[in-house]
Amino acid sequence: MIAFLKKKWERYNTALGFSGIIFLLFVTFSFAMFQGGFVSWFLFYSVLPLVLYSIAMAFYPLQRLNIERIISKEKLMAGEEVQITIRVTRRSSFPLFYVVLEDVLPEALLRETRYEGNTHQIQSRILMFPLFRKTLEYSYTISPAPRGLFKFDQIMVKTGDIFGFVLKTTRVSAKDQIFVYPQYQKIERWESGKMLQTGMKKVGKRSFSDYTSTVSVRDYVAGDRMNWLHWKASARSNKLLTKVFEQQRNDDFVIVLDHCEKSYGVNDWLFERGVSLAASLVHFSISKGGSIGYHPFKGKEIPMNMGIEQEWRIFHELAKVKAEIKESFEERLKQEYMIGHMEGKTALIISPNLTEYTMKTLELIASRQQTNVIFFYLALDGKLHGQELTYINRIRQCGVPVTPIIGSDFNESLKAGGMYATI
């Protein structure tokens, strides 16, 4: 009810105010005519300019103002600073006693705005006293800029007369956007190849033997192909020996980020850490010449590719991702693997879930042919507890490498590697 009355008041405020100033002029004129004398006529002539100004303000074409938004940079990394300037240009020098300018911001940006030099400025709103000035300008800063795609639609302008009888409000369409990519860390070292050699099978599409390059020989076992036999070495040793070929493996991965709502609850910062880790792994893989892709549970999938353009394609999607999937992470992960969307790939799974269900799901996935999994566990606390260590060890026994991400320094977590399993 209060909101309804407020809306109606804003709509008819100028009309009521206009009636009020006409009534004020009529009262002062009547008082001067009937009372007479210097004081009554002085009062009438004192009020007359203010009343005339209020009448002129009622017809002032506020919508004809030229308003533009100037953004210092439209693409930046999370944590950086962006400055936004609002500039208003008007044709006439009609005096404006006050002007309220407000850049209507997305909710996520309101918490990050910073202001300097003007005590009347609140968030992205400012109160100015331009009088005869034709150009008005003010700036505000968003620092640090949060990750995401933020669209600006409108700039609101308010002005009025001295007494508040007339209030003019307009919203000017000014569409802009800023794209804040996820912040990443430069990973110094991550030996993914060593992780995949600890009892895990190799992915057929990404790992293969170079049959033209023999590195050693071994004893023959049932099932070896006849063309793998090393006849010269067998003749010298009087027993069958099989060639051992050089293993070739590409560090090609697909990022699978947990963006299920139940996984994070109120811990938005933990989800941002997961996004930052995904971006860091993408940057590391691309910088090492590897191929990488991105597989979301909802949204656009990016097939495996390499090069700097691929990095920015994935960053583009990571900038927009939100923890909004209603289903549980384990259920969605199981569905994706059962369908075969990640068949023949090495999946880098990033999640804060570490339960019995998580362990069984990863065990099921690891048991499928042509599937490799590396699990990055986003730890909530600064150290691992007993139950977490138990689950980590059990998952590793299933052949799935687990790297706990503790704290905000990814390099420290990746260097520590398996140390956490025995703490």
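A nonpolar surface patch of about 670 Å² is formed by Leu50, Phe97, Phe129, Leu131, Phe132, Ile162 and Phe163 in this predicted model. Such a patch takes residues with over 30% relative accessible area and no salt bridge, and joins nonpolar side chains (Val, Leu, Ile, Met, Phe, Trp, Tyr) within 5 Å. A salt bridge here is a side-chain nitrogen of Lys or Arg within 4 Å of a carboxyl oxygen of Asp or Glu. Areas come from the Shrake-Rupley method with a 1.4 Å probe, and for residues only the protein chains shown count as cover.

Strands are DSSP runs of E with at least two residues, helices are runs of H or I with at least four, and both are numbered from the N terminus. The table gives accessibility for four residues; buried means under 20% relative accessible area, exposed over 50%, and partly exposed in between.

| Residue | Class | Relative accessible area |
|---|---|---|
| Leu131 | partly exposed | 43% |
| Cys260 | buried | 0% |
| Cys398 | partly exposed | 26% |
| His295 | buried | 3% |

The model has 0 disulfides, a disulfide being a pair of cysteine sulfur atoms within 2.5 Å.

His295 belongs to the loop between β13 (292-294) and β14 (302-305). Helix α8 (residues 308-320) has 13 residues. Its buried residues include Gln310, Ile314 and Leu318.

Residues are numbered from 1 along each chain as its sequence is written. Local features need pLDDT of at least 70, side-chain atom pairs count only at pLDDT 80 or more, totals for chains, interfaces and linings use all residues, and side-chain values use heavy atoms, without hydrogens and water.

Methods:
Patch = residues over 30% accessible without salt bridge, like charges linked within 9 Å, V, L, I, M, F, W, Y side chains within 5 Å. Buried < 20%, exposed > 50% of the residue type's maximum accessible area, 1.4 Å probe, protein only. Expected span 1.5 Å × (residues − 1).
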